[in-house]
Amino acid sequence: MSRTRLTAEEALAYHQLPYPGKLDVVASKPMTTQRELSLAYSPGVAVPVEAIAANPETAYDYTTKGNMVAVITNGTAILGLGNLGALAAKPVMEGKAVLFKRFADINAIDIELDTEDPEAFIEAVRLMGPSFGGINLEDIKAPECFIIEQRLKEAMDIPVFHDDQHGTAVICAAGLINTMELTGKKLKDCKVVLNGAGAAGIACLELIKAMGVPHDSCIMCDTKGVIYQGRKDGMNQWKSAHAAKTDARTLEDAMKGADIFLGVSAKGAVTAEMVASMAKDPVIFAMANPDPEITPEEAQEVRPDAIVATGRSDYPNQVNNVLGFPYLFRGALDIHARAINEEMKIACAEALAALAREDVPDEVAVAYGRKLSFGRDYIIPAPFDPRLIHRVPPAVAKAGMDTGVARRPIIDMNAYELALKARLDPTAGILQNIHARARHAQARMVFAEGDDIRVLRAAVAYQRNGFGKALVVGRSDDVKAKLEAEGLGDALNELEIVNAANTRHLETYKEFLYERLQRKGHDRQDVHRLAARDRHVFAALMLAHGHGDALVTGATRKAAYALGRINHVFDAQASDGAVGVTALLHNGRIVLVADTLVHEWPDENDLADIATQAAGVARHLGLEPRVAFVSFSTFGYPISERSEKMHLAPKVLDKRKVDFEYEGEMTVDVALNSKAAAHYPFSRLTGPANVLVVPARHSASISVKLMQEMAGATVIGPILTGVPKSIQILSIGSTANDILNMAAMAACDVGRGR
């Protein structure tokens with residue numbers, strides 16, 4: 001997987017727009033009426049206050065404590081950038097908080113403490129303890145981080161976890177378990193060398209020793225060489241605890257005959273000669289960021305038998321902390337744990353290792369653009385594996401219960417796993433897969449409206465995300481001016497700017513267009529104006545002649561107008577089988593609405609066609625389609641000629657014997673709400689519908705825009721299907737990110753070979 005190229009301007013814009021920061025606070029209870037406000041605050045709030053005062057454990061029942069983590073730092077060791085202070089650390093801590101939510105549905109809040117005094121830091125965190133179910137310490141320099149974590153663990157009755165230490169250690173341990181599977185070795189028999197005696201390095205060594213590696217089999221090194229018994233220079237109590245009885249004095253000495261190398265140090269710290277001196281089937285975890293101690297290519301050139309892991313996503317076997325901390329905390333919170341102990345960390349590592357040895361789901365393989373299977377290049381699960389949420393926390397929770405740190409043990413583990421599956425946000429996975437498939441397709445994407453800065457931003461992002469080549473229809477001087485005004489002037493040389501004035505294909509385009517339109521009221525002058533001056537038509541002509549692989553347009557004109565222009569070049573009308581499907585993503589739920597673009601007033605046969613096309617889009621997005629024909633009536637009541645076609649459409653599908661679930665006619669609440677659907681036990685849908693076929697284009701438009709404006713739903717679409725080339729038409733209010741998503745969708749269509 002290639003590394004995404006990011007610029008300072010893009011990073012700042014992401015954090016600033018549409019409003020600053022990455023977090024919102026959203027109420028989880030209704031608060032619209034006076035009665036609801038009285039329940040939320042005074043006088044109703046007095047009841048849970050008294051209950052908690054009488055029994056503190058009930059705080060987990062009546063407040064967010066049981067699903068709330070504080071991400072706390074003083075900014076003394078920010079992401080390898082050093083001591084830049086508490087305020088500068090805030091973007092990183094906000095980012096860590098959203099990772100908790102994204103991967104484990106844990107609410108997290110960032111707290112930056114403006115002190116380098118460990119005592120002041122400890123007291124501040126201790127005093128905040130009642131607010132949270134767990135504390136995640138982050139980016140605190142050594143050795144203060146050791147003191148702070150240990151003292152807080154002793155003082156607090158909730159989990160305190162310094163992820164810079166233990167997160168890396170847990171993922172490292174998971175990988176090591178699987179390297180033993182592959183090499184036939186045993187951890188207890190291995191000689192281990194670790195370079196980097198900071199927080200992460202010491203935690204790695206402590207955890208693998210807890211897993212059975214003897215103290216005498218481990219050698220730790222720092223910038224001054226081997227940490228050996230009797231060394232005085234540069235020592236502290238944490239290093240001294242791991243001092244080895246050895247004659248080795250340099251990393252080069254230590255590496256001779258070593259089975260395992262663990263690096264949390266600096267780029268280039270390990271040489272090819274050091275790797276060559278290691279034992280058979282050497283294991284090399286070169287985890288320095290952003291660049292490893294030695295690259296996999298360098299290591300495997302001298303030792304083809306080496307198993308190599310790094311901290312980077314563009315190499316196999318990424319040691320990524322996001323595989324650990326969300327699921328450790330999820331399991332700990334769900335048993336109301338007093339701590340996260342060694343047994344829970346080992347259980348997390350073992351669960352991760354076991355998952356990597358299983359068959360990898362297709363959607364994960366798609367996301368990484370290659371087939372993944374357990375082996376030397378796949379010893380650690382992929383971060384976007386959807387099974388992580390329901391496989392790792394139960395293992396952590398069980399270890400916590402077995403070791404006595406659980407306040408509220410889980411009785412039914414099967415029910416718990418099902419509840420965890422329900423926490424997974426499917427929208428994030430779908431967007432991830434769309435982007436991954438786009439990256440794999442490497443489509444030449446035609447962006448028709450190069451005079452709009454949103455389109456230009458999307459085109460730059462498309463190219464820098466590694467999706468493929470961005471072809472922008474516009475004038476070079478205009479594109480240059482707009483990019484420079486946005487701080488993206490350096491992107492001009494990356495994009496390919498195309499227009500009628502600089503293409504040698506214009507005459508070919510005009511001849512093609514004249515042949516299509518000469519009997520539809522267009523003379524040669526009309527055709528010249530369309531081909532040379534209309535960007536939608538010009539872009540479509542590029543696509544028709546293979547000068548691009550896919551097209552996005554419509555950001556500056558209404559969808560119906562853009563579709564009309566495209567119809568000059570392609571057959572994309574209702575009679576041609578074209579259908580527009582819009583995906584609504586809201587609160588972890590995905591619903592497709594069709595037809596939102598092409599059919600003005602479809603009959604029952606058209607509706608059946610629309611359902612079939614929409615079901616195909618659903619499957620393309622990784623959903624198993626459940627189609628509902630929606631109306632204002634449900635199964636014949638109230639009776640109306642307006643709903644008759646919705647009643648007949650399922651009968652058309654009955655005759656066609658399609659291979660997806662469908663039912664109707666029904667109201668939207670019956671289609672989407674299991675409780676409402678329970679009144680109709682004869683329904684053929686096995687769960688809430690995820691595809692809604694609506695009576696007409698106007699009702700589709702109203703539904704989508706209402707959800708977008710009132711509920712804040714993310715909209716992808718309309719996704720145009722049933723046309724011979726990959727074309728996606730944008731909504732006029734699309735943001736740059738919306739345009740990028742639609743471009744990725746168009747690229748996916750290229751990848752699957754339309």
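Predicted model: local features only at pLDDT ≥ 70, side-chain atom pairs only at ≥ 80, totals over all residues.
Helix α27 (residues 641-656) lies across β17, β18 and β19, at about 160° to β18.

The strands named here belong to an open sheet of six strands with mixed pairing, in the order β18-β17-β19-β16-β15-β20. From one strand to the next, the twist averages 20°. Within the sheet, β17 (residues 626-630) and β19 (residues 691-693) run parallel and are joined by three bridges. Val 627 has Val 691 of β19 as its bridge partner.

## The five-stranded sheet

Another open sheet has five strands in the order β13-β12-β11-β14-β21, with parallel pairing. Strands β13 (496-498) and β21 (726-729) form the edges, and each pairs on one side only. Neighbouring strands of this sheet are turned by 25° against each other on average, direction ignored.

Strand β11 (residues 445-447) runs parallel to β12 (residues 470-473), and three bridges join the two. Val 446 has Leu 471 in β12 as its bridge partner.

## Helix α9

Helix α9 (residues 199-210) has twelve residues, which should span 16 Å at 1.5 Å a residue; the end C-alpha atoms are 17 Å apart, so the two values agree.

Ten of the twelve residues of α9 are buried, and the helix is mostly covered. Among the buried residues are Ala 199, Ile 202, Cys 204, Leu 207 and Lys 209. Just after α9, Gly 212 takes a positive phi of about 120°.

Key:
Residues numbered from 1 in each chain as written. Heavy atoms only, no water. Pairing = 2+ DSSP bridges. Helix = DSSP H or I, 4+ residues; strand = E, 2+ residues; numbered from the N terminus. Axes fitted to C-alpha atoms, helices over the stretch in contact; angles between N-to-C directions. Expected span 1.5 Å × (residues − 1). Buried < 20%, exposed > 50% of the residue type's maximum accessible area, 1.4 Å probe, protein only. Contact = heavy atoms within 4.5 Å.
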